[in-house]
Amino acid sequence: MITSPKAVRFDEDTLWVSLSDGRTIAAPLAWFPRLMEATPVQLAQVELSKGGLHWDALDEDISIAGLLAGQPDLSRHSKQLTV
């Protein structure tokens, strides 16, 4: 059974995701620089899909599998490696 997101909320430092299996998971916003820099209006424009979260205007995708595995935004690491 695939666990899908049902709701997303934020506090000052944390992304909170309610899942279809009843769990709520949290991740530090520091893991997702695009989300940290976004306005509350931009954050509210999240699209929930079967496997993750998407912000079109922010060009940000976060998979539920990645959150459950404790993986931060890997794009910032790859940019550092290519510089």
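**Acidic residues and the chain around them**

A: To begin with, this is a predicted model. On its surface, Glu47, Asp56, Asp59 and Asp61 gather in a patch of negative charge.

Q: Where does aspartate 56 lie?

A: Aspartate 56 is in the loop between strand S5 (52-55) and strand S6 (60-63).

Q: And why does aspartate 56 count as exposed?

A: Because its relative accessibility is 57%, and exposed means over 50%.

Q: OK, zooming out. How many helices and strands are in the chain?

A: The chain has four helices and six strands. Along the sequence, they follow the pattern β-β-β-α-α-β-β-β-α-α.

Q: What share of the residues count as buried?

A: 29% of the 83 residues in the chain count as buried. The chain exposes about 5300 Å², with carbon and sulfur atoms supplying 54% of that area.

Q: Back to aspartates. Is aspartate 73 buried or exposed?

A: Aspartate 73 is buried, yet has no salt bridge. The nearest side chain of opposite charge is arginine 34, 4.4 Å away. A salt bridge needs a side-chain nitrogen of Lys or Arg within 4 Å of a carboxyl oxygen of Asp or Glu.

Q: Where is aspartate 73 along the chain, and what is it in contact with?

A: Aspartate 73 lies in the loop between helix H3 (64-68) and helix H4 (75-82). Leaving aside neighbours within four places in sequence, aspartate 73 is in contact with Trp31, Phe32, Pro33, Arg34 and Glu60.

Definitions and conventions:
Residues are numbered from 1 along each chain as its sequence is written. This is a predicted model: local features need pLDDT of at least 70, side-chain atom pairs count only at pLDDT 80 or more; totals for chains, interfaces and linings use all residues. Side-chain values use heavy atoms; hydrogens and water are left out. Helices (H or I, at least four residues) and strands (E, at least two) are DSSP runs, numbered from the N terminus. Buried means under 20% relative accessible area, exposed over 50%, partly exposed in between (1.4 Å probe, protein chains only). Lys and Arg count as positive and Asp and Glu as negative; His and the chain ends are not counted. Contact means heavy atoms within 4.5 Å. Patches are made of residues with over 30% relative accessible area and no salt bridge: like charges are joined within 9 Å, nonpolar side chains (Val, Leu, Ile, Met, Phe, Trp, Tyr) within 5 Å. Accessible areas come from the Shrake-Rupley method with a 1.4 Å probe; for residues, only the protein chains shown count as cover. The place of a charge is taken as NZ of Lys, CZ of Arg, CG of Asp or CD of Glu.
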